[in-house]
Each structure stands twice: as C-alpha cells, then as structure tokens.
Amino acid sequence: MMSINLKETFKELDVNDKKNVISRELILIGEFVKKMKDHYGLDADFDIKNYDVNTETNEDDYLLFIYEDIFEIEKQLISVLSRME
C-alpha cells in the first residue's frame, strides 16, 4: 500500500511531472520483468518507452503511449508466468 505522504507528494506535482513519474515507474517495472525473464532463460529484448515532457503530446497520445507500455509489460509477464508453470 502506498503511504499517504507519497500520495500527497504525487498530488502536488504538475501534470507533466506526474507523467514523468508514471513513465519512470513503468520503466522500472520493465527492468524487473527483464531480470525475471533473464532468470528463466527467456529473451528479455523489449523496451518500455521513456515519456519526454519536452515533447508536445496531447492527452490522447500520452494515454496511448502509456497503454502501449502497460500492454507490453503484461505480454512479457505472461511469457514469464507460462515458463514458471
């Protein structure tokens, strides 16, 4: 469970900083998945994109960008789970 302080800190960020935090978290999760895949001898060649706040991105494009990364992480986790069984 997330601490109240961490939630409050996130709430105080502006929208672009929130997008950057979310992007960094997804990249970190992607790195964890790569370590798991490597542990099980699976190909860990996939990338999670890094959101760049300096790029003009409308809200729909940003949501698609994040959705693609979430979908990729899910796909990679499925491959790890199938190997574990």
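This is a predicted model: local features need pLDDT of at least 70, side-chain atom pairs count only at pLDDT 80 or more; totals for chains, interfaces and linings use all residues.

Visitor: Okay. How many residues does H3 have, and how far does it reach?

Guide: Helix H3 covers residues 59–84, which is 26 residues. From first C-alpha to last, H3 reaches 37 Å.

Visitor: What caps the N-terminal end of H3?

Guide: Asn-58 does. One of its side-chain oxygens lies 3.1 Å from the backbone nitrogen of Asp-60.

Visitor: Which residue caps the N-terminal end of H2?

Guide: That is Asp-14. A side-chain oxygen of Asp-14 sits 3.1 Å from the backbone nitrogen of Asn-16.

Visitor: What about just after H2? What does Gly-41 do there?

Guide: Gly-41 takes a positive phi of about 70 degrees.

Visitor: Now the pair. How do the axes of H2 and H3 cross?

Guide: They come within 10 Å and cross at roughly 15 degrees. That makes H2 roughly parallel to H3, because angles under 35 degrees count that way. H2 passes H3 in a left-handed crossing.

Visitor: Which residues meet there?

Guide: From H2, the list includes Ile-22, Leu-26, Ile-29, Val-33 and Met-36. From H3, it includes Tyr-62, Ile-66, Asp-69, Ile-73 and Val-80.

Visitor: I see steps of three or four in those numbers. Why would residues three or four places apart point the same way?

Guide: An α-helix has 3.6 residues a turn, so residues at that spacing point the same way.

Visitor: Nice. Which residues of H3 are buried?

Guide: Tyr-62, Phe-65, Ile-66, Asp-69, Glu-72, Ile-73, Gln-76 and Val-80. These buried residues pack against H2 (15–39).

Visitor: And which ones in H2 are buried?

Guide: Among them are Leu-26, Gly-30 and Val-33. Three lysines are also on the list: Lys-19, Lys-34 and Lys-37. What covers the buried residues of H2 includes H3.

Visitor: Tell me about Ser-23. Buried or exposed?

Guide: Ser-23, in helix H2, has a relative accessible area of 1%, so it is buried. Setting aside neighbours within four places in sequence, Ser-23 is in contact with Lys-49, Asn-50 and Tyr-51.

Visitor: Back to H3. What does the side chain of Glu-72 make a polar contact with?

Guide: With the side chain of Gln-76, at 2.6 Å. Glu-72 itself is in helix H3. At 16% relative accessible area, Glu-72 is buried, because the cut-off is under 20%.

Visitor: What else does Glu-72 touch?

Guide: Beyond residues up to four places away in sequence, Glu-72 touches Phe-46, Asp-47 and Ile-48.

Visitor: Where is Ile-48?

Guide: Ile-48 is in the loop between H2 and H3. With a relative accessible area of 14%, Ile-48 is buried.

Visitor: Which residues is Ile-48 in contact with?

Guide: Leaving out neighbours within four places, Ile-48 contacts Leu-26, Ile-27, Gly-30, Asp-69, Glu-72 and Ile-73. If you want a distance, Ile-48 and Glu-8 are 27 Å apart, C-alpha to C-alpha. They are 40 residues apart in sequence.

Visitor: How about Leu-77? Which residues does it touch?

Guide: Leu-77 is in helix H3. Leu-77 touches Val-33 and Met-36, not counting residues up to four places away. Leu-77 is partly exposed, with a relative accessible area of 31%.

Visitor: One more. How far apart are the C-alpha atoms of Asp-61 and Glu-25?

Guide: They are separated by 19 Å, and the two residues are 36 apart along the chain. Asp-61 lies in helix H3. Its relative accessibility is 42%, so Asp-61 counts as partly exposed.

Note on methods: Residues are numbered from 1 along each chain as its sequence is written. Side-chain values use heavy atoms; hydrogens and water are left out. Helices (H or I, at least four residues) and strands (E, at least two) are DSSP runs, numbered from the N terminus. The expected span of a helix is 1.5 Å times one less than its number of residues. Buried means under 20% relative accessible area, exposed over 50%, partly exposed in between (1.4 Å probe, protein chains only). Contact means heavy atoms within 4.5 Å. A polar contact is a pair of N or O atoms within 3.5 Å; within protein, one must be able to donate a hydrogen and the other to accept it, and residues adjacent in sequence count only if both atoms are side-chain atoms. Axes are lines fitted to C-alpha atoms, for helices over the stretch in contact, and angles run from 0 to 180 degrees between N-to-C directions. Angles under 35 degrees count as roughly parallel, over 145 as roughly antiparallel, 65 to 115 as roughly perpendicular and the rest as oblique. A crossing is left-handed if the near helix is turned anticlockwise from the far one by less than a right angle, and right-handed if clockwise.
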